[in-house]
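Hi everyone, thanks for making the time this morning. Let me bring the model up on the screen, and then we can walk through it together.

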Amino acid sequence: MQSTQELVDYGNRYVCHYHSHLQKFADATGRLAGCGEPLVQLLTRQAHMLSTARPDYDLAKRRLDDILSASYNKFYAYLYQELPPCWRSLYTEAAILKFWVLVIEWARSQRPDMVRKKEWEREERELESQREAEYIREREESIRQGGEWPPQGYEGQLEMLERRNGRRFKQRQLEDRIEQKRRERQWQYEQEDKQRKDEQGPEQLQQKQQREEQLLDEMIKTLDLALILAGGGGAQLFINDIIALLEKAVSPPTKNNPDLANSKPENEGSEQEHPQAAPEASSAQPPSKRTKLSLPPPAKPLPANSSTDTPIPFTNFDKPDIPQPPPTKPSRQAIQHNIPSRLSSSTPQYAPPLPPPHPNPPQPPNWSTHPSFSPYEPFTPPVTSPIQRIPSPSLESFQSHLSTPRPLILTGLVSHWPALTTSPWSKPAYLLSRTFSGRRLVPVEIGRSYVDAGWSQKIIPFSEFLSEYITSPSSDVSKGYLAQHQLFSQLPQLRNDIVVPDLCYTSPPPKVDDEHPVAELEEPMLNAWLGPPGTITPLHTDPYHNLLVQVVGRKYVRLYPPQSKVKTRGKEGGVSMDNTAAFDVGVLEGWDDQPPSEEEEEEGKNGEKEEFGRLECVDCILEPGETLYIPEGWWHYVRGLSVSFSVSFWWN
Amino acid sequence: MALYATGLNAWNQLDFGRNQNDQEPDDIFTFTCLLKDKNISHIRPFPSYTLVYTTSQPLTPTHTSGLVPKSHQKLSRYNPHHYLHFAEAYNDTVVIPNHPTSPHPLQYPSLPHLLTDLLSSPLPFQPISYPFFQISQLSPYATGFIALATPFPDPQVYSWGDPRFTPCLARHPSPTSQAESPSPIPDLSSLPTGPVIKISSCSSGYLLAALTLGNDLYIWGHAGRCAEWFPDLSDRPEPAVIGDEAGKDIKDVAVGQAHILVLTIDNELWGRGDNSSGQLGLGKETKAVKEWTRLREVFDKNGGKQKIKGVWAGERTSFLFVEP
């Protein structure tokens, strides 16, 4: 109950805060300036509309979709690395606003009483603020006319008296207006309730639940697409925090006891548990006072200048009282590079402070009784020239190894990882529990290998990925591979299950190849690789040193030194494929059939096979808990043998 | 002459000053009369605003609606001639066709680059110059341009742009005719019904069209980016068969981001594609039509007295001139 309230409260606060932020700083920060005034203005207008008492949610949602589609279209029109960062920010910020629209829709279905109360509070404030505005107008009028304020002398007193009477009259008028509105609303709500009661058959209930489930999926989709497509626009952790708020509101006990909420008044005690972190909560009226939609005590008049620079005065009530920090102007690089170091404060400048996390009550369940992924291996290639295995080198010895790098398997580097022990990634149930019951979306590569025709990518819920492609794939479905995805910035809760090896903080000798300069990484780059047996990453090189950690299942890896004469693919469809070999290791070794698209080119393949056979290589089968060091520039071919989950760490 | 329009109205670009107020403007979902002016000559629909030109004043717009971005305002001030003819793709590339002071088409990475060049001397940016052809029509698509150019004897359709989207180029890039530099589209020369007289595409779309002197319509584009509406879109110009099996003769065509409007010789209006903003005038419920669909039969019902003189399309809008 309370967590739904918390979610909706924070959403309302966010929208108001965001709107005033856009008004004040949109031009100054330049975060969105490159998107042009029309789109920034459109976004600002939606934020404004959503912060009023009775927004047209349907229109706002369509407009936010318009903004999302305009920025998404830019992602295609530009090469990934050339896209001006403002478009990622615009996409993300529109997505967050849309999320709050969906939250209100969802909360209205779940807890109509609560949403109504919120709406009425806003409406009441809007009506009240009209009175404030009138008072201020009156005072300013008098000052403009050369009078003093308050007017002095006998005549002045008389004038004040008249004014006061006038004001009292106006105040009564306002009270009447509020009362009238209140009755209107109450009548409207009664009608709605009556209608709902009439429709409370089991079928309607099921429809309602279905609708809520759809809304939930849409909420998560909206934010996950912002994380996956737009890289979170500099707000990854914040987005994850609001998804966590949502997850708390959705958690099963909340869902199953709707009666409890209606019978019990708001739990005021727990709200006082953290008054210092949520000043706006303590300055607001206690919720119980408003449950009857009664007129609150008149608010203090606003300071004189507030009528000019805050067009929606009631935002002052919703905004925290803490003073605004001066707008800092971070450079674009700073915004980008800030991402990893932002762990401590995830809230972007346009968002109000998040409610503090509740102490974590549930004990971690015992996962040992849950089933693991199947260890079944349909095919195991032979290892011909095995890579050396050592337990775990010291930082110094590894640093010296880097000067004459060769591939190496480290057997004891990650044995302490939670992912291998208490938070077992080998259990589908555990992974589902960390992905909002599998609702979170992941990008999946469909097809045998990214160089094949018909290869594609799609973004699907994690639960669908597991069931369709991993735990019970039907035989006619092509392979699905969650590959080279920065899963851990999208799902920080899984990030806690692994530890970046210290070895990634060594400094390898500088690269000799100046043809493709690679920027130095400030932090190691983490990628997740989860797929069924038989996934293939074709022979390729990366511009980084790599520690490939095998967490679940087994993988075959074959490596060729950088100086090997590996034929590359050149440019395909305007995209350089220089880092990928023209050789298909699986086909040339006879492990895989020829992909259908290339069968015509059979001649010449024999020569290729000979050329390929002469190249020297090393190989291995990587077991769970083992780490393969792949030096920068080494060609590598990777093949999942069973269901396999690995993490790669790139550094330079 | 009356101007009818439908579609996205987020910036009041379909509202010529009649009922503007503080309320968030909604889209228009059926063709609605916006303006009556007997001298209307043509319109230019931009994503956030619309310009209407009249015969008496062909160089400056008589009516403006919506929000004109600052960069466009600047261009119209600095160089009205460029403003009349420039084309801006969705990857921000800008081309200005030939004009009196520079006989060659010029290409800039973005409008701000062009604006800086217009203000300073020597030029801080060296634009790409295409000295070998005279552009008579220029149309941007999301990642490139098509142009109707007139090397004698016949006008040819040229295309150039991002090699990642070769289907929009309608030709195979090669070392001698690279994707990024203008080259003729072979499939659009020596057509059975005469040369191409009109080209159409949208600055944020991947769908392109060409109309011949003999009233045949060819369309092509990137099927992957239009899959929702034109799943069978070819990467080579193919004749569009509309109305009956033989295909009606086409008088005019207008291409939007994901919709297309076609006017036939017998004054019928047809359309296909996205209608999520009402850009085909098919109401709020119809989100898209994936087949060629007859639009706006109201004009026929008036005893055929009202004739549609021409069609235009913005990103997510459609416009018609109707007579009388």
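Predicted model: local features only at pLDDT ≥ 70, side-chain atom pairs only at ≥ 80, totals over all residues.

Chain B splits into domain 1, residues 69-131, and domain 2, residues 133-279. Their centres, taken over C-alpha atoms, sit 24 Å apart. Where they meet, 16 residues of domain 1 of chain B contact 15 residues of domain 2 of chain B. About 1100 Å² is buried between these two domains, with carbon and sulfur atoms giving 65% of that area.

On the domain 1 side, strands S6 (87-88) and S7 (94-96) of chain B each supply at least two of the touching residues. By class, that side has 10 nonpolar residues, five polar and one charged.

Now to the other interface, chain B with chain A. Here 30 residues from chain B meet 25 from chain A, and the two chains bury about 2300 Å² between them, 46% of it on carbon and sulfur atoms. In chain B, Glu24(B), Tyr90(B) and Arg164(B) lose the most area to chain A, together 32% of what that side buries.

How many salt bridges link the chains? The count is six, including one between the side chains of Asp26(B) and Arg62(A), at 3.1 Å from N to O. There are also 20 residue pairs in polar contact between the chains. The chain B side that touches chain A has 13 nonpolar, seven polar and 10 charged residues.

Thanks, and I'm happy to discuss!

Terms used: Residues numbered from 1 in each chain as written. Chains lettered and ligands numbered in written order. Heavy atoms only, no water. Domains from an automatic or database assignment. Contact = heavy atoms within 4.5 Å. Buried area = accessible area lost by both parts, 1.4 Å probe. Helix = DSSP H or I, 4+ residues; strand = E, 2+ residues; numbered from the N terminus. Nonpolar A, V, L, I, M, F, W, Y, C, P; charged D, E, K, R; others polar. Salt bridge = Lys/Arg side-chain N within 4 Å of Asp/Glu carboxyl O. Polar contact = N/O pair within 3.5 Å; in protein donor to acceptor, adjacent residues only side chain to side chain.
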